[in-house]
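Me: Hi! Could you walk me through this protein chain in plain words?
Reply: Happy to, let's look at it together.

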Amino acid sequence: MLTAVDHVQLAAPAGSEDAMRAYYVGALGMAEIPKPPSLAANGGCWFQAGAVQLHVGIEAGFRPARKAHPGLRVRGIEAYAARLAAHGAPVVWDDKLPGHRRFYSEDPSGNRLEFLEPTA
């Protein structure tokens, strides 16, 4: 039986760790958490905000996910969108999901991210 999502892994090109830190820590407000030593040699970085973890792994021949994406719940979505925009991240609003306000953005490697907040 599944009980929770432990983490979501996204991919990125080699050498992108500093840009990912700037985005996930600076723009999204997550904290970087240490990778286990046995995995740290692979590159990449891990981030956490509350119970939400995003792992960014280095992938040879990387191509960004344009359709696949994590859906991240936020509180105060208007302010959160303004925060991302202030950090230079794209914010594209979408009103197709009933009962939610949501927008899409991209990390520095072009991975698609969805941010949503229930309206009820």
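This is a predicted model: local features need pLDDT of at least 70, side-chain atom pairs count only at pLDDT 80 or more; totals for chains, interfaces and linings use all residues.

Me: How many bridges join β3 to β4?
Reply: Five, between β3 (residues 45-49) and β4 (residues 52-58), and these strands run antiparallel. Two strands count as paired if DSSP finds at least two bridges between them.

Me: And what's in the turn?
Reply: β3 and β4 form a hairpin with two residues between them, and G50 in the turn has a positive phi of about 60°.

Me: Thanks! Which strand order does the sheet have?
Reply: It's an open sheet of four strands in the order β1-β4-β3-β2, with mixed pairing. The edge strands, β1 (8-12) and β2 (31-33), each pair on one side only.

Me: How many bridges join β2 to β3?
Reply: Three, and those two strands run antiparallel. For example, A31 has Q48 in β3 as its bridge partner.

Me: Which strands does helix α1 touch?
Reply: Helix α1 (residues 17-27) packs on the sheet and touches β1, β2, β3 and β4. Contact means heavy atoms within 4.5 Å. The direction of α1 makes about 5° with that of β3; axes are lines fitted to C-alpha atoms, for helices over the stretch in contact, and angles run from 0 to 180 degrees between N-to-C directions.

Me: Zooming out, how many helices and strands are in the chain?
Reply: Three helices and eight strands. From the N terminus on, they run β-α-β-α-β-β-β-α-β-β-β.

Me: What share of the residues is buried?
Reply: Buried residues make up 39% of the 120, where buried means under 20% relative accessible area with a 1.4 Å probe, counting protein chains only.

Me: Last one: what box do the C-alpha atoms fill?
Reply: Roughly 45 × 40 × 25 Å, taken along the principal axes.

Notes
Residues are numbered from 1 along each chain as its sequence is written. Side-chain values use heavy atoms; hydrogens and water are left out. Buried means under 20% relative accessible area, exposed over 50%, partly exposed in between (1.4 Å probe, protein chains only).
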